[in-house]
Amino acid sequence: MRTKGKAHMGVQYTQFNEVNMNDIDAVVVGSGFAGGVVARELAERAGKRVLIIEKRPHIGGNMYDEKDEAGILVHKYGPHIFHSNDKRAFDYARRFSGFLGYQHRVLADWYGTYMPVPFNKNSMEIAFGEEKAAHYIEKLIDTFGDERKVTINELREQDDPELAEIADFVYKNVFLYYTQKQWGLTPEEVDPSVTARVPVFISRDNRYFQDAYQGMPVFGYTKLFEEMLDHENIQVCLNTEAESVFELEFESEAEDAPLSAIKLHGKKFEGPIVYTGPLDELFLARFGRLPYRSLDFVYETFDKEHVLPCGTVNFTVTEDYTRITEFKYLTGQKSDKTTIMKEYSRAYEDPNTQTPYYAILSDENRAHYERYRALTAKLPNFYPLGRLAEYRYYNMDKIISLALELSDKLVEE
């Protein structure tokens, strides 16, 4: 799990004012998977001395987990389940932790009745009754084949009112209200491209993911990151915002003038700078804040082994929260107590009190982001990476993959 022959030291924490930049070869902003993987790779493979700047009081980014007062391991920024078809990404994560063979299951609460999500053959029997469902399932198999995922739009494109009935049921009872809550949209504002991705799974496989590699780190994500960042060439500054320690120099005083250099401790830094935070925050939102959705979490602990039938229940037709997660299913922890988390989606309005989670993707917002990106385009040693820095949505495995690809490039330079 660690480089052969290296003594276990633990993560090396330091204060930014104590860092001698002459002893630093690379700077990484953020200690989630994007920043953590690059830092480890540069330290280990290239022998670079890496400084991680982390605004939070802990490492691990949104994957951070900790035990609550009841001793239950909970995810502080929403549930994170590792799933991937990328063996390199999975193997890399397993370098730093053993993995439980957890297979995530999600149920939709349909007016008090549970049905599997994604909507599948089992869901169909619950929604339509066994006889009608058997007829619909046969028609789906005849039209599309068995063990296939078919989108609502594909169903609606068929000249068949019964297939349209399936599509309409899923749209109204699984997708619509949940999406309105998640994104703060009216039905008219729901983009057709989002609807197009909602699947009906012609299968009895109740797993939420069908990826080849799935699981959860045995001792949690925080322990995984402690192993990843445990290297003699890595220093970590917590509670440090990049915008407070980066001294930005621009080609001119014009508002759109690109960066010409970044200084730290008054010295121009010419090594690689891998930035994984929100790009608008680095520039103090000079063009206005990029739109995101944020989340609020409410935790409840119960003196019983379980309160849900599975790891996550989505509330697709009722309640003002989107879903509830019960962490013991995910972590495999044994206890006579359990903790659940209710999840509320909110507009992202205050960076001091809220966390940006989901970029609100549109042509207008992408153009807004590209205006910020252009400010960094002429800086050859600046690399934006990850959900926030690229204003995109990525799963964990994709972030690991992109971080490894960037690391390969930087190691070869």
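**Helices and their surroundings**

The axes of helix α4 (residues 130–144) and helix α6 (residues 161–183) come within 10 Å and cross at roughly 105 degrees, where axes are lines fitted to C-alpha atoms, for helices over the stretch in contact, and angles run from 0 to 180 degrees between N-to-C directions. The helices α4 and α6 are therefore roughly perpendicular to each other, a term that applies to angles of 65 to 115 degrees. On the α4 side the contact is made by Lys 132, His 135, Tyr 136, Lys 139, Leu 140, Thr 143 and Phe 144, and on the α6 side by Glu 162, Leu 163, Glu 165 and Ile 166, contact meaning heavy atoms within 4.5 Å. Sorted by class, the contact of α4 with α6 has five nonpolar, two polar and four charged residues.

This is a predicted model, in which local features need pLDDT of at least 70 and side-chain atom pairs count only at pLDDT 80 or more, while totals for chains, interfaces and linings use all residues. Residues are numbered from 1 along each chain as its sequence is written, and side-chain values use heavy atoms, with hydrogens and water left out.

Helix α3 (residues 121–128) is mostly covered, since six of its eight residues are buried, that is, under 20% relative accessible area with a 1.4 Å probe and protein chains only, whereas exposed means over 50%. The buried residues of α3 are Lys 121, Asn 122, Ser 123, Met 124, Ala 127 and Phe 128, and what covers them includes the helices α4 and α6 as well as the strands β7 (106–110), β8 (113–117), β9 (119–120) and β11 (199–201).

Within helix α12 lies Tyr 369, which is buried, with a relative accessible area of 2%. Not counting residues up to four places away in sequence, Tyr 369 touches Leu 279, Leu 290, Ala 389, Glu 390 and Tyr 391. The C-alpha atoms of Tyr 369 and Arg 289 are separated by 9.3 Å, although these residues are 80 residues apart along the chain.

Key:
Helices (H or I, at least four residues) and strands (E, at least two) are DSSP runs, numbered from the N terminus. Angles under 35 degrees count as roughly parallel, over 145 as roughly antiparallel, 65 to 115 as roughly perpendicular and the rest as oblique. Ala, Val, Leu, Ile, Met, Phe, Trp, Tyr, Cys and Pro count as nonpolar, Asp, Glu, Lys and Arg as charged, and the others, Gly among them, as polar.
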